[in-house]
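Hi,

Here is the structure I said I would pass on. Have a look at it first, and then read on for what turned up.

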Protein chains: 4
Amino acid sequence: MTSHTSKSESRPRTSGDKRERILEAAVDIFAQKGYYAARVSDVASAAGIADGTIYLYFKSKEAILISLFEYWMERIASEVALAMDEQPDTSGKLRGFIRGHVMLAERYPTAAQVLTVELRQSSKLIREYRSPAFHAYMHSLVEMLARGQRDGVLRSNFEPRILARAIFGALDEMALSWTMSKKRQPMAEIAEQLFEVFYGGLAQTPVQSTASRLTPVIENIP
Amino acid sequence: MTSHTSKSESRPRTSGDKRERILEAAVDIFAQKGYYAARVSDVASAAGIADGTIYLYFKSKEAILISLFEYWMERIASEVALAMDEQPDTSGKLRGFIRGHVMLAERYPTAAQVLTVELRQSSKLIREYRSPAFHAYMHSLVEMLARGQRDGVLRSNFEPRILARAIFGALDEMALSWTMSKKRQPMAEIAEQLFEVFYGGLAQTPVQSTASRLTPVIENIP
Amino acid sequence: MTSHTSKSESRPRTSGDKRERILEAAVDIFAQKGYYAARVSDVASAAGIADGTIYLYFKSKEAILISLFEYWMERIASEVALAMDEQPDTSGKLRGFIRGHVMLAERYPTAAQVLTVELRQSSKLIREYRSPAFHAYMHSLVEMLARGQRDGVLRSNFEPRILARAIFGALDEMALSWTMSKKRQPMAEIAEQLFEVFYGGLAQTPVQSTASRLTPVIENIP
Amino acid sequence: MTSHTSKSESRPRTSGDKRERILEAAVDIFAQKGYYAARVSDVASAAGIADGTIYLYFKSKEAILISLFEYWMERIASEVALAMDEQPDTSGKLRGFIRGHVMLAERYPTAAQVLTVELRQSSKLIREYRSPAFHAYMHSLVEMLARGQRDGVLRSNFEPRILARAIFGALDEMALSWTMSKKRQPMAEIAEQLFEVFYGGLAQTPVQSTASRLTPVIENIP
DNA sequence: GATGAATGAGCATTCATTCAT
DNA sequence: TATGAATGAATGCTCATTCAT
């Protein structure tokens, strides 16, 4: 996925692997018109190929959407995995996770739009299709929270699966409202606010944002 | 909207105001099949009326979806407004807000499904249509957070508009994953976990869930 | 049919026999929108009555069109019959016929429009329905031409049925193009030109239009 | 356009350019059922193609009618132009014009039926659409009459535009009533009668059809 | 592989007509 | 008589998918 993915304009692409060109074109077209309003022929001409050629690479229109979902969820999953791996402690891992997710949306707005808006509509996708990449994504978040609890860094009065989902929902909504808004605030700032609130709520010892803190020690006193 | 709204089965209804019957039928049908897959005639027969009669009450299929959105956003908005009004302090208001939203989804699962899944798809709705009820909903949340900050109860290092959106995203995702899951955990429990995390992250003095706390006093020391 | 028949505007009528009000409204509406594009409810509201009431007076939408046709063909037939009866000789009768037809169109343009344009479309009307009034109209013209031939005033080298039809076609087209045109020339002038050409072509001794003529005297010679 | 165009039966055609096949099928179907009663799928199956294929060649059902009109008006226009060009004098040109028009109707009765009956109905066609071919047709007739007047062959007491329209109306009606009638008289005879009447009425010196006459001499006396 | 003409199932919407009041 | 809410049959057009070239 090259940088021109984020262009909402849809001129024919003439280089690169065909399957990838179709996916790139599809992101743009789906983001512009929405999945249902988008025609397969729109995607084809944006990709600079014939309509029929689409079907040499994808089983159906919906298969394009699913592939798109998998492709981007993998990117997000690996992005957040990387960000988490770089950090030794739970605090850093959560910050990395949030930043990773949210800043990928900043880098690829059209993709973010498709993921947040269009994906919820396809009954097949949401109801029947179980995405491996999405599960990997959720799993790494759940695991991180659970480990934090085991290590005593995070409180034990929440269920990791619930909170992981809530965090995902918050991040997803952030990405959505950000792509929809006109005046876009830097995602790094948004990510920091979210991190502080979530970590503050999840941790035994909440961070004190920028200021130095004495409280942690005391906090552990029951 | 009576309790049978939540039935996913679609036997013809034979009583009540016709416009309302259409809306009730539409929730069921849209939840079952998804908005795009649902046919107008499905809605009509679920409502026990002729296809053409739909158009005496709604301009188009999409108008049904919009009406549905408004109807339920108003319910959610008034539900959370009520729950907040009953509580004097920010803590109680936030808890009421979260519980109000999430438990309405528990009571009306099909409606929740339509709101969380189907509504994101209609380009008109999300992109062009600006819902008064949704804005009222967001506004009350933003205001509550802002007041909490002014009162010194909440930290000042977050922007109410950002966090309000994040909370909404989390609640929306909770409603979505809850309606999708097989074994449904009581929403009250989920709500409590979310409340504690969010309030813990937002407040100057985080709650200590069940246990007694000494920390608050100390927390205010910079 | 009162003079406001010719108004293309369609405000509700509130007086007069209901059946007649429906016909008056129908002429206006059909002339404005065309028969197929016109809704029965348009006619009803232009007539100031409820939709269903139409069906107390007419069997169907098409029945309105047929009644309209009969009503106006009778008017045209009686108009031209009157004009012919006032004249003793073939020449005068033909002039009366032409003037009668064409000037009725001038007086009732919307009716003329419906008769010339809309009537040809209804397959039932043209193909299955045989109008008594239209036949009466054609018959009087055929008879007049035949009598002219028997009297030796008109040439014998044409078939009255053929020429009657041709004259009707010419007059019908005159009415049509007149109602369609912006700058409308007085029908009296048009009628005179048509009369002179037709009579000139049909008569043993053609008229000499504006110039002084000696021929009239001769015309009467068998 | 091959000769089977005139068959009113509508068996699927399997050869020839597809656009032309659609037009041929449409003439038959429209003549049989009328434009409004005809379904697009009727035309498609008569043309031996799928419904959707129609829309690869025509924008809409109405576009077929318009194309039909243009196609046939061009044929008529070129037919009468040819017939007129072959004749040196006004008399011969008028005869050629009348014969050309009327005998084309004899050769292509279904097309004649569609042109005379169905075309008046489409509001777009008659009211909004201005046909180039129809104007060319009328123009050549008007010019011929005007030239006749300038040359002193035709009388000057008529307006070419008016009489051209009247002649067209007469010919159109001839075509219509001929296609509607059971026992069809040869169009050549009809054409001759019309020619004699019209030329007799238009000319300074009318033709003396078959029999010798003495009147002409007298006629010329002012 | 690539094409793009052809396919034909599918559906929102209209509107003449009915009938309970 | 008069109403007008309700009906439901009818259809032009779209567009994902196929397949002969």
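The surface near DNA strand E divides into 10 nonpolar, 10 polar and 10 charged residues. Bear in mind as you look around that this is a predicted model. In all, 30 residues surround DNA strand E, and the closest are Ala50(A), Gly52(A), Gly52(B), Ala50(D) and Gly52(D). If you want to find that surface by its helices, at least two residues each come from helix 3 (51-57) of chain A, helix 2 (40-46) and helix 3 (51-57) of chain B, helix 2 (40-47) and helix 3 (51-57) of chain C, and helix 3 (51-57) of chain D.

Now for DNA strand F. Around it there are 30 residues, of which Ala50(B), Gly52(B), Thr53(B), Ala50(C) and Gly52(C) come nearest. Two or more residues of this surface are given by each of these elements: helix 2 (40-46) and helix 3 of chain A, helix 3 of chain B, helix 3 of chain C, and helix 2 and helix 3 of chain D. By class, the surface near DNA strand F has 10 nonpolar, 10 polar and 10 charged residues.

Is Tyr35(D) buried or exposed? It counts as buried, because it has 24 C-beta neighbours inside 10 Å and the cut-off for buried is 20 or more. From Tyr35(D) to Gly52(D) is 17 residues along the chain, and their C-alpha atoms are separated by 19 Å.

Next, the cores. The largest nonpolar core has 139 residues, and those with the most contacts inside it are Ala26(C), Val43(C), Leu194(C), Ala26(D), Val43(D) and Leu194(D). Apart from that one lies another core of 136 residues, among them Leu23(A), Phe97(A), Leu145(A) and Ala44(B). Back to Leu194(D): leaving aside neighbours within four places in sequence, it is in contact with Ala166(C), Ile98(D), Ala170(D) and Met174(D).

Last, a helix pair in chain A. Helix 5 (residues 90-107) and helix 10 (residues 187-202) of chain A pack at an angle of about 145 degrees, with their axes 9 Å apart, and their crossing is right-handed. Helix 5 of chain A brings residues including Leu94(A), Ile98(A) and Val102(A) to the contact, while helix 10 of chain A brings Leu194(A) and Phe198(A), among others. The residues of this contact divide into 13 nonpolar, 1 polar and 3 charged.

Cheers

Terms used: Residues are numbered from 1 along each chain as its sequence is written. Chains are lettered from A and ligands numbered from 1 in the order in which they are written. This is a predicted model: local features need pLDDT of at least 70, side-chain atom pairs count only at pLDDT 80 or more; totals for chains, interfaces and linings use all residues. Axes are lines fitted to C-alpha atoms, for helices over the stretch in contact, and angles run from 0 to 180 degrees between N-to-C directions. Helices (H or I, at least four residues) and strands (E, at least two) are DSSP runs, numbered from the N terminus. A crossing is left-handed if the near helix is turned anticlockwise from the far one by less than a right angle, and right-handed if clockwise. Two residues are in contact if their C-beta atoms, placed from the backbone, lie within 7 Å. Ala, Val, Leu, Ile, Met, Phe, Trp, Tyr, Cys and Pro count as nonpolar, Asp, Glu, Lys and Arg as charged, and the others, Gly among them, as polar. A nonpolar core is a set of buried Ala, Val, Leu, Ile, Met, Phe, Trp, Tyr and Cys residues joined through C-beta atoms within 7 Å. A residue is buried if 20 or more other C-beta atoms lie within 10 Å of its own, exposed if 12 or fewer, and partly exposed in between; C-beta atoms are placed from the backbone. A residue is near a molecule or strand if its C-beta atom, placed from the backbone, lies within 6 Å of it.
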